[in-house]
Amino acid sequence: MGNKNSCCAYSSPQLGRKDLPGDGGPRGLEEHLAEGEISINNLQHISEREPEDWDSDPSLHPSAGTIFMERSKQAIENGLTRKKSQYQIADTRPLKKSSSCSTIYLDDSTVSQPNLKNTVKCVALAVYYNIKNRTSNRQIDIFDEKLHPLTRDGVSDDYDRHNPEHKQIYKFVRTLFNAAQLTAECAIITLVYLERLLIYAEIDVTPANWKRIVLGAILLASKVWDDQAVWNVDYCQILKDITVEDMNELERQFLEMLQFNINVPSSVYAKYYFDLRTLAEANELTFPSEPLSKEKAAKLEAMSRVYEDKIMADVLRNGIKKWSSLDNVCIGGPRRSIAILS
């Protein structure tokens with residue numbers, strides 16, 4: 001996926017956690033087959049192997065709570081308490097800009113076009129809480145930074161003892177996104193893949209593996225989401241000391257642990273976006289608001305008319321009565337990635 005060195009087309013039998021490289025290396029499929037059975041090296045379609053507990057998987061089900069929100073619950077509650085106390089002291093509370101008839105304030109981040117800088121900050125914060133409030137230290141060798149260092153200098157002896165700060169995580173993610181020119185939507189998909197990995201592979205994000213897990217999630221998200229994918233060799237130009245072979249192996253094993261399920265429903269994408277906004281507000285990472293200018297208002301109005309015309313065209317084409325519900329009316333036009341949104 002992306003180049004000839006990519007391993008996204010790799011096909012192998014489904015691996016359980018005990019068969020993963022971090023637990024002694026993959027074992028042959030023949031060990032699991034009864035005598036006389038034939039090994040078939042084909043994967044089921046994703047829809048045919050939906051997990052039984054999919055309704056509790058936040059990366060698949062829109063109503064399941066995200067892992068990072070659960071692990072940041074205490075911080076969110078503290079943030080709300082702090083805000084409540086600020087409102088009680090009227091003379092020290094900063095005035096909040098409010099919309100009026102003459103001036104409308106809005107931020108430039110929407111679910112379809114998130115603000116890049118703030119979204120990357122929020123994703124880094126979500127990774128931070130996943131590390132800080134983890135319940136165990138389950139790991140797999142391919143993500144261990146001591147076994148697979150990202151720099152020639154390697155890591156210090158206590159590399160696995162100290163949790164990284166939010167700024168450190170943000171700097172790492174921002175560097176990759178800026179160098180590869182990735183989009184804000186790609187950052188949200190990165191977080192979805194990261195949390196799906198935690199569930200599927202039954203591991204935790206720890207100080208020892210967070211960089212390689214984030215790197216693997218970004219690598220996969222950029223190839224699935226962006227129209228012009230970044231090749232594995234391009235990441236080697238960003239991280240000078242890592243080899244293409246290491247990137248290929250990281251991608252291959254990440255995909256295997258996800259059971260090649262890279263589909264992200266639009267409802268799940270929206271859930272992660274709004275949960276990230278909630279997390280940002282609780283941690284005072286506000287999305288900056290600015291007055292609605294005449295140019296932006298005209299652009300919004302033009303977009304509104306275009307989509308209204310498309311809806312009415314669908315209504316007339318499909319013979320739907322004007323008073324019918326538009327829930328099932330499909331708005332035409334290209335989507336950013338058919339492979340992602342379903």
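Begin by selecting helix 3, which is mostly covered, with 13 of its 17 residues buried. Keep in mind throughout the tour that the model on screen is a predicted one. Helix 3 runs over residues 116–132, and its end C-alpha atoms lie 24 Å apart, which agrees with the 24 Å that its 17 residues should span at 1.5 Å a residue.

Select Ser112 next, which you will find in the loop between strand 1 (105–107) and helix 3. With a relative accessible area of 52%, Ser112 is exposed. If you then show Glu185 as well and draw a distance between the two C-alpha atoms, the value is 7.8 Å, although Ser112 and Glu185 are 73 residues apart in sequence.

**The whole chain**

Zoom out and colour the protein chain by secondary structure, which gives 10 helices and two strands. Followed from the N terminus, these elements come in the order α-α-β-α-α-α-α-α-α-α-β-α. Of the 342 residues in the protein chain, 42% are buried. Among the contacts with a separation of 6 or more, 81% are between residues 24 or more positions apart. Switching to a surface view, you are looking at an accessible surface of about 19700 Å², and carbon and sulfur atoms account for 50% of that area.

**Salt bridges**

How many salt bridges does a search of the whole structure find? The search finds seven, and several of them can be visited in turn.

Select Asp204 and Arg138, whose side chains meet in a salt bridge with an N to O distance of 2.9 Å. Asp204 sits in the loop between helix 5 (184–200) and helix 6 (210–225), while Arg138 sits in the loop between helix 3 and helix 4 (166–180), so the pair ties together parts that are 66 residues apart in sequence. Is Asp204 buried or exposed? Asp204 is buried, with a relative accessible area of 1%, whereas Arg138, at 34% relative accessibility, counts as partly exposed.

Move on to Asp241 and Arg152, where the side chains also meet in a salt bridge, here at 3.2 Å from N to O. Asp241 belongs to the loop between helix 7 (232–238) and helix 8 (244–257), and Arg152 to the loop between helix 3 and helix 4, so this pair ties together parts that are 89 residues apart in sequence. In this pair Arg152 counts as exposed at 76% relative accessibility, and Asp241 as partly exposed at 32%.

Next, select Lys73 and Glu70, which are joined by a salt bridge between their side chains at 3.3 Å, N to O; Lys73 is partly exposed, with a relative accessible area of 40%.

**A nonpolar patch to finish**

For the last stop, return to the surface view and select Leu300, Met303, Val306 and Tyr307, which form a nonpolar patch with about 350 Å² of accessible area together. Leu300 is found in helix 10, which covers residues 294–318, and Leu300 is partly exposed, with a relative accessible area of 40%.

How values were computed
Residues are numbered from 1 along each chain as its sequence is written. This is a predicted model: local features need pLDDT of at least 70, side-chain atom pairs count only at pLDDT 80 or more; totals for chains, interfaces and linings use all residues. Side-chain values use heavy atoms; hydrogens and water are left out. Patches are made of residues with over 30% relative accessible area and no salt bridge: like charges are joined within 9 Å, nonpolar side chains (Val, Leu, Ile, Met, Phe, Trp, Tyr) within 5 Å. Accessible areas come from the Shrake-Rupley method with a 1.4 Å probe; for residues, only the protein chains shown count as cover. A salt bridge is a side-chain nitrogen of Lys or Arg within 4 Å of a carboxyl oxygen of Asp or Glu. Helices (H or I, at least four residues) and strands (E, at least two) are DSSP runs, numbered from the N terminus. Buried means under 20% relative accessible area, exposed over 50%, partly exposed in between (1.4 Å probe, protein chains only). The expected span of a helix is 1.5 Å times one less than its number of residues. Contact means heavy atoms within 4.5 Å.
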